[in-house]
Amino acid sequence: MPTAIAVTSADLVLPAPDRHTPGAALLHPPEQHDLEAALAGTSALLERHGHVVALVPPWLPRPTVQRLHTVRAILETGRIALLDIDLPPLGTALLARQLRQLSVCDFSPGVIASAARLLSHYIFAGALLGSVAKLDRVRVPVGLGAHARSWSPSAQFAVLAHPTPHLARLGSAGGGRGGRGGSHASHAGSHGAVADLPAGPDFATHLTFARGQLTSDWVAAELAPAWQVQGVLENPLPAASPAWWGTPKLVEFAAGIPDLSVLYQLVASVRREQCRWCGLELIGDRCGFCAAPLTAPPPSEAAATSTGRSRP
């Protein structure tokens with residue numbers, strides 16, 4: 001059986017792109033399952049799949065994160081990877097689907113877990129917002145002028161949170177176009193608004209979007225053609241999105257690589273190493289299961305001094 005890819009909410013499970021992609025495992029939060037049920041469910045996953053790779057974004061409630069670590073500690077297993085992935089909710093769901101696609105390939109569990117950091121760099125995640133008054137909390141710079149314009153009932157803002165933060169104000173109808181592959185020139189949209197939108201990915205992507213309490217077709221009608229995406233999919237909005245973006249008036253979007261063959265080549269092209277701590281395979285500079293760095297950290301200055309003094 002393939003490595004299980006786990007999430008903590010059913011609304012983070014995007015539809016499978018093909019019949020070969022497995023679904024995601026659901027690790028229920030404490031308010032839904034007690035500890036005994038969580039232990040039984042996780043044990044069953046391990047017995048069936050061998051290893052579990054779970055995405056643990058920083059916006060999860062603290063009790064949910066604590067439950068995940070508690071279950072892993074009680075089971076005393078090194079076969080559960082808890083990955084700290086800092087993406088918005090819809091971007092997290094997109095990454096989970098990419099890992100689900102890769103789980104059926106001939107990659108070892110350690111490679112799949114450490115591939116999450118690599119793949120996250122190729123996800124473009126953002127939102128169309130009706131207000132940016134509380135956007136600072138997600139590390140997108142917001143000037144005083146944008147804060148002031150947020151009070152206008154007709155204001156709309158196109159925001160890219162990842163991979164490079166970018167904020168642009170749109171007109172009341174949601175216009176403006178962005179370039180692909182490096183162009184940031186201001187451009188007039190079909191609604192007559194002007195905005196300096198971020199450049200889109202310079203590789204083939206599909207775009208997934210989810211509507212909140214903002215009525216706008218800007219993402220599908222304007223952003224998708226500007227970014228030259230190969231496909232557009234609408235999905236229900238994750239429950240965590242309004243809090244993450246600071247407003248329920250939003251349309252969240254995320255663009256990523258849809259083709260399994262491209263994902264496979266991307267991961268396979270990276271040199272594989274063996275974790276010096278747990279022995280699993282990894283790519284990059286850190287093990288996804290035990291979090292040990294690829295190379296041993298340098299000794300502290302005090303330790304180095306002590307070692308030097310103890311030599312004959």
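Is Ala291 buried, partly exposed or exposed? Ala291 is partly exposed, because its relative accessible area is 41% (buried is under 20%, exposed over 50%, partly exposed in between, with a 1.4 Å probe and protein chains only). Some notes on the rest follow.

1. Ground rules. This is a predicted model, where local features need pLDDT of at least 70 and side-chain atom pairs count only at pLDDT 80 or more, while totals for chains, interfaces and linings use all residues. Numbering runs from 1 along each chain as its sequence is written, and side-chain values use heavy atoms, with hydrogens and water left out.

2. The overall picture. You'll find 9 helices and 14 strands in the chain (DSSP runs numbered from the N terminus: H or I of at least four residues for helices, E of at least two for strands). There are 312 residues, and 48% of them count as buried. Take the contacts (heavy atoms within 4.5 Å) with a separation of 6 or more: 70% of them link residues 24 or more positions apart. The chain exposes about 14,700 Å², with 53% of that supplied by carbon and sulfur atoms (Shrake-Rupley areas, 1.4 Å probe).

3. Where α3 meets α8. The axes of α3 (residues 89–102) and α8 (residues 260–268) come within 10 Å and cross at roughly 85° (lines fitted to C-alpha atoms over the stretch in contact, with angles from 0 to 180 degrees between N-to-C directions). That makes α3 roughly perpendicular to α8, a label for angles of 65 to 115 degrees. On the α3 side the contact uses Gln98, Gln101 and Leu102, and α8 brings Leu260, Leu263, Tyr264 and Val267. Sorted by class, that is 5 nonpolar, 2 polar and no charged residues (Ala, Val, Leu, Ile, Met, Phe, Trp, Tyr, Cys and Pro are nonpolar; Asp, Glu, Lys and Arg charged; the others, Gly among them, polar).

4. Phe107, on the way to α4. Phe107 sits in the loop between α3 and α4 and counts as buried at 7% relative accessibility. Leaving out residues up to four places away in sequence, Phe107 touches Leu102, Ile112, Tyr264, Val267, Ala268 and Arg272. Phe107 and Ala268 are 161 residues apart in sequence, yet their C-alpha atoms are 8.5 Å apart in space.

5. Helix α4 itself. With 12 residues (109–120), α4 reaches 17 Å from its first C-alpha to its last, close to the expected 16 Å (1.5 Å times one less than the number of residues). Of those 12 residues, 11 are buried, so α4 is largely enclosed by the rest of the structure. The buried residues include Pro109, Gly110, Val111 and Ile112.

6. Thr8, a buried loop residue. Thr8 is in the loop between β1 (4–7) and β2 (25–26), and at 9% relative accessibility Thr8 counts as buried. Beyond its neighbours within four places in sequence, Thr8 is in contact with Leu26, Leu27, Pro29, Leu60, Thr64 and Leu68.

7. Most residues other than glycine have a negative phi, and most peptide bonds are trans. Here, a cis peptide bond joins His162 and Pro163, with omega about 10°; Pro163 is in the loop between β6 (156–162) and β7 (166–170). Gln228 has a positive phi of about 55°. Gln228 lies in the loop between α6 (218–226) and β11 (231–234) and is partly exposed at 48%. Back to Ala291: its phi is also positive, near 65°, and its loop runs between β14 (281–283) and α9 (301–310).

Methods
Angles under 35 degrees count as roughly parallel, over 145 as roughly antiparallel, 65 to 115 as roughly perpendicular and the rest as oblique.
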